[in-house]
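Work through the exercises below with the model open beside the text. Each task is followed by a solution in steps.

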Amino acid sequence: MSDCLFCKIAAGEIPSTCLYEDENVFAFRDINPQAPVHFLVIPKTHIGSVAELNAENSAVVSKCFEVIAKVAEQEGLTGGYRVISNCGADAGQTVHHLHFHVLGGAKMGEKIL
Ligand code: 5GP
Ligand code: ZN
């Protein structure tokens, strides 16, 4: 999608601190970290959110999770981490390109689950 922020980041048109990249997946540091380690993992293909996943496009989600495990190890998150995907207005999604937040490096505070 031509005016999507994360499509532009994945294409290298907007700079980011890239932690991992392959043909399908891009991982980069969040610009406004909410934990000592906070990175985002996105599919390179534009999918708006979890709500847009279907049988045709969902294979990339497992690729994203493989990258989450790889980068979490790379970042030294041996004590664990939290993975979050905000979907839609009620969840506070602000960038409408599917992304997985990975937060770690400290004991997590309040839990909602
Ligand atoms: P959401 O609120 O949609 O779940 O998360 C969007 C995330 O993208 C936020 O945590 C925000 O800090 C991050 N973000 C927004 N714009 C940029 C940017 O230009 N670069 C990077 N690296 N992160 C961004
Ligand atoms: Zn996009």
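A residue counts as buried when its relative accessible area is under 20%, as exposed when that area is over 50%, and as partly exposed in between. The coordinates come from a predicted model.

**Exercise 1. Classify Phe100 and Phe65 by accessibility, then describe their ring pair.**

Step 1. Phe100 has a relative accessible area of 6%, so Phe100 is buried.

Step 2. Phe65 has a relative accessibility of 39% and is therefore partly exposed.

Step 3. The ring centres of Phe65 and Phe100 are 5.0 Å apart and the planes stand at 65 degrees. Planes over 60 degrees apart count as edge-to-face, so the Phe65 and Phe100 pair is edge-to-face.

Step 4. Phe65 belongs to helix 2 and Phe100 to strand 5, so this pair ties together parts 35 residues apart in sequence.

**Exercise 2. Find how many aromatic pairs the whole structure has, and describe the one formed by Phe6 and Phe28.**

Step 1. Searching the whole structure gives three aromatic pairs.

Step 2. In the pair of Phe6 and Phe28 the distance is 5.3 Å centre to centre, with 80 degrees between the planes, and the geometry is edge-to-face.

Step 3. Phe6 sits in helix 1 (residues 5–10) and Phe28 in strand 2, so the pair ties together parts that are 22 residues apart in sequence. Phe6 and Phe28 are both buried.

Step 4. Through ring pairs, Phe6, Phe26 and Phe28 are linked into a cluster.

**Exercise 3. Describe the sheet: its strand order, its edges and the helix that packs on it.**

Step 1. The sheet is open and has five strands in the order 1-2-3-5-4, with antiparallel pairing.

Step 2. Strand 1 (18–21) and strand 4 (81–84) pair on one side only and are the edge strands.

Step 3. On average, neighbouring strands of the sheet are turned by 20 degrees against each other, direction ignored.

Step 4. Helix 2 (residues 59–74) packs on the sheet and touches strand 1, strand 2, strand 3, strand 4 and strand 5 (100–104). The direction of helix 2 makes about 155 degrees with that of strand 3.

**Exercise 4. Place Leu40 in the fold: is Leu40 buried or exposed, and what is Leu40 in contact with?**

Step 1. Leu40 is found in strand 3. Strand 3 (residues 37–43) runs antiparallel to strand 2 (residues 25–29), and five bridges join them.

Step 2. Across from Leu40 stands Phe28. The C-alpha atoms of Leu40 and Arg29 are separated by 6.1 Å, although these residues are eleven apart along the chain.

Step 3. Leu40 has a relative accessible area of 2%, so Leu40 is buried.

Step 4. Neighbours within four places in sequence left aside, the contacts of Leu40 include Phe6, Phe26, Phe28 and Phe100.

**Exercise 5. Identify the protein donors of the zinc ion (ligand 2) and assign the geometry.**

Step 1. The protein donors are Cys4 (SG), Cys7 (SG), His46 (ND1) and His97 (ND1), lying 2.1 to 2.3 Å from the zinc ion (ligand 2).

Step 2. The spacing of the donor residues in sequence is C-x2-C-x38-H-x50-H. Cys4, in the segment before helix 1, and His46, in the loop between strand 3 and helix 2, are 42 residues apart and link distant parts of the chain.

Step 3. Tetrahedral requires all angles to lie between 85 and 135 degrees. The four donor atoms subtend angles of 106 to 117 degrees, so the arrangement is tetrahedral.

Step 4. Cys4 is buried, at 5% relative accessible area, whereas His46 is partly exposed, at 22%.

Conventions: Residues numbered from 1 in each chain as written. Chains lettered and ligands numbered in written order. Predicted model: local features only at pLDDT ≥ 70, side-chain atom pairs only at ≥ 80, totals over all residues. Heavy atoms only, no water. Pairing = 2+ DSSP bridges. Helix = DSSP H or I, 4+ residues; strand = E, 2+ residues; numbered from the N terminus. Axes fitted to C-alpha atoms, helices over the stretch in contact; angles between N-to-C directions. Contact = heavy atoms within 4.5 Å. Buried < 20%, exposed > 50% of the residue type's maximum accessible area, 1.4 Å probe, protein only. Phe/Tyr/Trp six-rings, centres within 6.5 Å; stacked < 30°, edge-to-face > 60°. Donors = N, O, S within 2.8 Å, 3.2 Å for Na, K, Ca; no water. Tetrahedral: all angles 85-135°; square planar, octahedral: opposite > 155°, others 65-115°.
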